[in-house]
Amino acid sequence: MNRSRWPVLALWILTGALTLPAAVTGLLFPEIYRGVVATELLPGAVSQDLMSAVAGAALPVLAFAGRRGQPRVQLVALGILGYLFYAYGIYAIERTYNGFYLVYLAVFALSFWGMVYTALELRADGPRRARLAKGIRVLSASGALLQPLIFYPLWIAMLLPLMRTGDQIDSLYSVFVLDLCFIMPAFLILAVLTFRGRWPGLVFMPALYLLGFTLIFSLALGELFKPIFNVPVSALSLWSSVLLSAFFLVLGGLHFWKLDLNPGGGAALRHRTPPARTADAGAGAGASPGK
C-alpha cells in the first residue's frame with residue numbers, strides 16, 4: 001500500500017512537542033510538583049521528566065527519519081510512545097493537578113493513539129515476514145514471560161490487604177492500574193507469540209523491551225536525584241533498578257539486532273543463521289508460520 005504516513009508522523013511530532021515543555025519545566029522547576037506529589041517521590045518525578053524530555057526530543061527526529069518507512073525507526077518510536085503512555089499515565093491517574101495537568105492528559109492520550117496507529121501501520125505496510133534464530137527467540141520470550149510471573153503475584157499480594165480493609169493509598173496506585181491492566185498483559189501476550197514464532201511477537205517485542213528499559217532506568221536515576229531533595233538513597237532500589245534496566249536493554253537490543261525483517265533475500269542467503277522460524281504478517285492467528 002502507498003498511503004501517506006503523515007497522520008502517524010504527526011502524532012509523533014505533536015506528542016513530542018507537548019512533552020518537551022512539560023518535562024523541561026518539571027526538570028528545571030521541580031517546585032511545580034510540591035503539594036501534588038509526595039515529598040519522597042519528588043526525585044522520581046524529576047528523573048521521569050529527564051527521561052521524558054529525551055523521549056519528547058527524540059520523537060520529532062524519528063518522525064523525519066522515518067519518512068522512508070523504516071520499520072526499525074517505527075519500533076523505536078513505538079517503544080518511546082509506550083514509555084510516555086506509562087509516564088504520563090502516572091501523572092494523569094495520580095491527579096497531579098498543577099498547571100500542566102491538561103498537557104499530561106494530552107500526552108497520555110496522544111501516546112496511546114500513537115502506539116495504536118504506529119502498530120497498525122507497521123502491520124499493514126511494514127515488512128511482511130520476520131525471522132529470529134530459535135535460541136534468541138526463546139531467550140527473549142523467556143525474559144518477557146518473567147515479568148508477569150514476578151509482578152502479577154507481587155502487585156496482587158500488595159492489593160489484597162487493601163481490598164480487605166478498604167484502605168485507599170494516597171500515591172503510586174497508578175502503577176497497579178498500568179502494570180496489571182496494560183504492561184504485564186503486553187509482556188505475557190508477546191512472550192507467548194514470540195515463543196510460537198508469530199509475527200507480532202517477533203516484531204513488537206523490542207519496542208516493549210525499550211519501554212521497560214526507559215521506565216526502570218528512570219527509577220535508577222530517581223535514586224541518584226534523592227540527595228538533592230534530602231531523601232535517603234536506597235542501595236537496594238538503585239542496584240535492582242540498574243540491573244533490571246540492563247536486563248531489558250540487553251535482551252531488547254539482542255532481539256532488535258538479530259531480528260531479520262523480510263528474510264529470504266540475498267543478504268539472508270549470504271549470512272547463514274541458526275535454525276529460525278519465519279513468520280508472515282499476513283498469516284491468521286491460527287495459521288502455522290513458515291519454517
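**A strand and its partners**

Mentor: Of the contacts in the chain with a separation of 6 or more, 79% are between residues 24 or more positions apart; contact here means heavy atoms within 4.5 Å. The model is predicted, so local features need pLDDT of at least 70 and side-chain atom pairs count only at pLDDT 80 or more, while totals for chains, interfaces and linings use all residues. Numbering starts from 1 along each chain as its sequence is written, and side-chain values use heavy atoms, with hydrogens and water left out.

The outline comes before the detail. The chain has 9 helices and 3 strands. These are DSSP runs numbered from the N terminus, with helices (H or I) of at least four residues and strands (E) of at least two. Read from the N terminus, their order is α-α-α-α-β-α-α-α-α-β-α-β.

The part to look at is strand E1, which covers residues 129-133 and includes arginine 129. The C-alpha atom of arginine 129 is 4.4 Å from that of aspartate 280, although 151 residues separate the two along the chain. Apart from neighbours within four places in sequence, arginine 129 is in contact with Trp199, Asp260, Leu261, Asn262, Pro263, Thr278, Ala279 and Asp280. Is arginine 129 buried or partly exposed? Arginine 129 is partly exposed, because its relative accessibility is 28%. The scale runs as follows: buried is under 20% relative accessible area, exposed is over 50%, and partly exposed lies in between (1.4 Å probe, protein chains only).

Arginine 131 is in strand E1 too. Its relative accessibility is 19%, so arginine 131 counts as buried. The side chain of arginine 131 forms a salt bridge with that of aspartate 260, at 3.1 Å from N to O. This pair links distant parts of the chain: aspartate 260 is in strand E2 (residues 260-261), 129 residues away from arginine 131. A salt bridge needs a side-chain nitrogen of Lys or Arg within 4 Å of a carboxyl oxygen of Asp or Glu. Aspartate 260 is partly exposed because its relative accessible area is 23%.

How many salt bridges does the structure hold? There are 2. Besides the pair already described, glutamate 223 and lysine 226 meet through their side chains at 2.9 Å, N to O. Both glutamate 223 and lysine 226 are buried.

In soluble globular proteins, nonpolar side chains tend to be buried together. In the chain as a whole, 46% of the 291 residues count as buried.

The loop between helix H3 (71-93) and helix H4 (101-125) gives another setting for a polar residue, asparagine 98. Asparagine 98 is buried because its relative accessibility is 14%. Its side chain makes a polar contact of 3.1 Å with that of tyrosine 104. A polar contact is a pair of N or O atoms within 3.5 Å; within protein, one must be able to donate a hydrogen and the other to accept it, and residues adjacent in sequence count only if both atoms are side-chain atoms. Arginine 95 is in the loop between H3 and H4 as well. The phi of arginine 95 is positive, near 60 degrees, in a residue other than glycine. At 46% relative accessibility, arginine 95 is partly exposed.
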